[in-house]
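Please look over the sequence and the model below before reading on.

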Amino acid sequence: MATKVKRAVKERRTKRKPCNFCIDRAIAVSYRDVPRLKKYVSERGKIVPRRISGNCAKHQRMLTTAVKRARLIAFLPFVSE
Ligand SMILES: [Zn+2]
């Protein structure tokens with residue numbers, strides 16, 4: 001029964017959202033690009049997971065390092081209430 005439910009969910013979500021950074025190759029993921037990074041950070045300051053942001057593995061990795069760097073130099077908060 002459990003497998004049946006899982007399969008139904010999978011079929012519904014076959015089309016993947018294309019990665020925003022792959023579409024526009026001019027955009028480089030940078031820790032200084034705070035307004036763009038903020039789009040990939042939740043209200044509480046957490047990095048949005050790939051399955052929600054729709055980024056590819058490569059760009060998601062670049063994004064996480066960028067966000068972490070931005071946090072260290074206080075461009076982004078670690079936790080925001
Ligand atoms: Zn990408």
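Helices (DSSP runs of H or I with at least four residues) and strands (runs of E with at least two) are numbered from the N terminus. The expected span of a helix is 1.5 Å times one less than its number of residues. This is a predicted model, in which local features need pLDDT of at least 70 and side-chain atom pairs count only at pLDDT 80 or more, while totals for chains, interfaces and linings use all residues. Residues are numbered from 1 along each chain as its sequence is written.

The protein chain holds 5 helices and 0 strands, so that its elements read α-α-α-α-α from the N terminus on. Confidence is given as pLDDT, the predictor's score for each residue from 0 to 100. The average pLDDT of the protein chain is 85, and 83% of the residues score at least 70.

Helix α5 covers residues 57–72. Its 16 residues reach 23 Å from the first C-alpha to the last, close to the 22 Å expected. To sort its residues, a burial count is used: a residue is buried if 20 or more other C-beta atoms lie within 10 Å of its own, exposed if 12 or fewer, and partly exposed in between, with C-beta atoms placed from the backbone. By this count the buried residues of α5 are His59, Gln60, Leu63, Ala66, Val67 and Ala70. They line one face of the helix, because seen down the axis of α5 they fall within an arc of 125°, the arc being that of the directions from the helix axis to the C-beta atoms. An α-helix has 3.6 residues a turn, so residues three or four places apart point the same way. On the other side of α5, Ala57, Lys58, Thr65 and Leu72 are exposed.

What do the buried residues of α5 pack against? They pack against α2 (20–23), α3 (34–38) and α4 (50–53), where a contact means that the C-beta atoms of two residues, placed from the backbone, lie within 7 Å. In the protein chain, 68% of the contacts between residues at least 6 apart in sequence join residues at least 24 apart.

Of the 81 residues of the protein chain, 15% count as buried. A nonpolar core is a set of buried Ala, Val, Leu, Ile, Met, Phe, Trp, Tyr and Cys residues joined through C-beta atoms within 7 Å. The largest one has 9 residues: Val29, Leu37, Tyr40, Val41, Leu63, Ala66, Val67, Ala70 and Leu76. Helix α5 gives the largest share of this core, 4 residues. Leaving aside neighbours within four places in sequence, Val29 is in contact with Phe21, His59, Met62, Leu63 and Ala66.

Cys22 lies in helix α2 and counts as exposed because it has 12 C-beta neighbours inside 10 Å. Not counting residues up to four places away in sequence, Cys22 touches Cys56 and His59. Cys22 and His59 are 37 residues apart along the chain, yet their C-alpha atoms are separated by 7.9 Å.

Asp33 sits in the loop between α2 and α3. With 14 other C-beta atoms within 10 Å, Asp33 is partly exposed. Its C-alpha is separated by 9.3 Å from that of Phe75, 42 residues away along the chain.

Most residues other than glycine have a negative phi. Ala74 is exposed, as it has 8 C-beta neighbours inside 10 Å.
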